[in-house]
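Take a look at the model below.

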Amino acid sequence: MSQRYRNYIGVFDSGVGGISILKKMKELLPQEDFLFFGDSANAPYGEKTPGQVLALSERIARGMIDDGVKAIVIACNTATSAAAAYLRDSYPQLPIVGVEPAIKPAAEAFPNGRILVMATEITLELEKFRNLSKRLAGKADFIPVKCIGLAGRIEEGRLHDPDLMDLLHSLLDRYAGRVDAVVLGCTHYPFIADQIRQVLGDLPLFDSADGTARELRHVLEMRGLIKDAGSEGRTVLLSSRDTPEELELYRRFFKARIPY
């Protein structure tokens, strides 16, 4: 990254998953300039320790701050859980928006329902998710599923290969026909919504994209940082695995339709 990215909104994730959040933010704020950085060289974050995720997140955020971005979005549930509070304390002058599993809107839509929460192991084990679950206790029956290996597999692309379906069956078969809705608690998972429904049935899916985009717009408006509507803003996609093949994969995910 370099000074040519000054005044962008910096967005980062462990890899391609955060592009699902980026797409919604770009839809809501088309005039804004976005810089997306995927740390694919260190993906997946969900299989690292909280300390490792914090260190990686701080390094990325520090680089964006040095470049002069005007806001940062942590487009990763795991990194939000491990690093958002620390980064906000460290850089109080900078708007920092995180994501969280969309269990509240799911509970509101299905009161007393059985709601499957798909997420990484770290996301489900850290305090942020536990506190959110406690606040909503009694509103619905939340069933957490540690989807070990799923984000890393999505990171590879090839989303229609049989081995991806084999992994989903191993993680989800026991819940087919037994839940009312699904929370996609990792930003990678929206890209395989169709495949998840093939296993679980045609269920409502909830993710973080809408809420994160609206929160970003609110924060920018409150700080007087939002750009006037007009010309289309620029979007830059970068990766810590800086190869033509990886950047092409990022472009494919950015162009892909979120199937719900």
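Two strands count as paired if DSSP finds at least two bridges between them. Keep in mind that this is a predicted model.

Strand S5 (residues 114–119) runs parallel to strand S7 (residues 181–184), and four bridges join them. Ile 115 has Ala 181 in S7 as its bridge partner.

**Strand S3 and its partners**

Which strand does S3 pair with over two bridges? That partner is strand S4 (residues 96–97), and the pairing is in the parallel sense. Here Ile 72 stands opposite Ile 96 in S4. S3 is also joined to strand S1 (residues 9–13) by four bridges, and these two strands run parallel. In that pairing, Gly 10 has Ile 72 as its bridge partner in S3.

In a regular strand the side chains alternate between the two faces of the sheet. Are the residues of strand S3 (residues 71–74) buried or exposed? Ala 71 and Val 73 lie on one side, Ile 72 and Ile 74 on the other, and all are buried. Both faces of S3 are therefore covered, with buried meaning under 20% relative accessible area.

| Helix pair | Axes come within | Crossing angle |
|---|---|---|
| H2 (residues 50–67) and H3 (residues 77–90) | 9 Å | roughly 60° |
| H1 (residues 19–28) and H10 (residues 209–223) | 9 Å | roughly 50° |

Start with H2 and H3. Their angle makes them oblique to each other. The crossing is right-handed. On the H2 side, the contact includes Pro 50, Val 53 and Leu 54. They meet residues of H3, among them Ala 79, Ala 82 and Tyr 86. The residues of this contact divide into nine nonpolar, two polar and one charged.

Next come H1 and H10. These helices are oblique to each other as well. Their crossing is right-handed. H1 contributes Ser 20, Ile 21, Lys 24, Met 25 and Leu 28 to the contact. H10 contributes residues including Asp 210, Arg 214 and Arg 217. The residues of the contact of H1 with H10 divide into six nonpolar, two polar and four charged.

Definitions and conventions. Residues are numbered from 1 along each chain as its sequence is written. This is a predicted model: local features need pLDDT of at least 70, side-chain atom pairs count only at pLDDT 80 or more; totals for chains, interfaces and linings use all residues. Side-chain values use heavy atoms; hydrogens and water are left out. Axes are lines fitted to C-alpha atoms, for helices over the stretch in contact, and angles run from 0 to 180 degrees between N-to-C directions. Angles under 35 degrees count as roughly parallel, over 145 as roughly antiparallel, 65 to 115 as roughly perpendicular and the rest as oblique. A crossing is left-handed if the near helix is turned anticlockwise from the far one by less than a right angle, and right-handed if clockwise. Contact means heavy atoms within 4.5 Å. Ala, Val, Leu, Ile, Met, Phe, Trp, Tyr, Cys and Pro count as nonpolar, Asp, Glu, Lys and Arg as charged, and the others, Gly among them, as polar. Buried means under 20% relative accessible area, exposed over 50%, partly exposed in between (1.4 Å probe, protein chains only).
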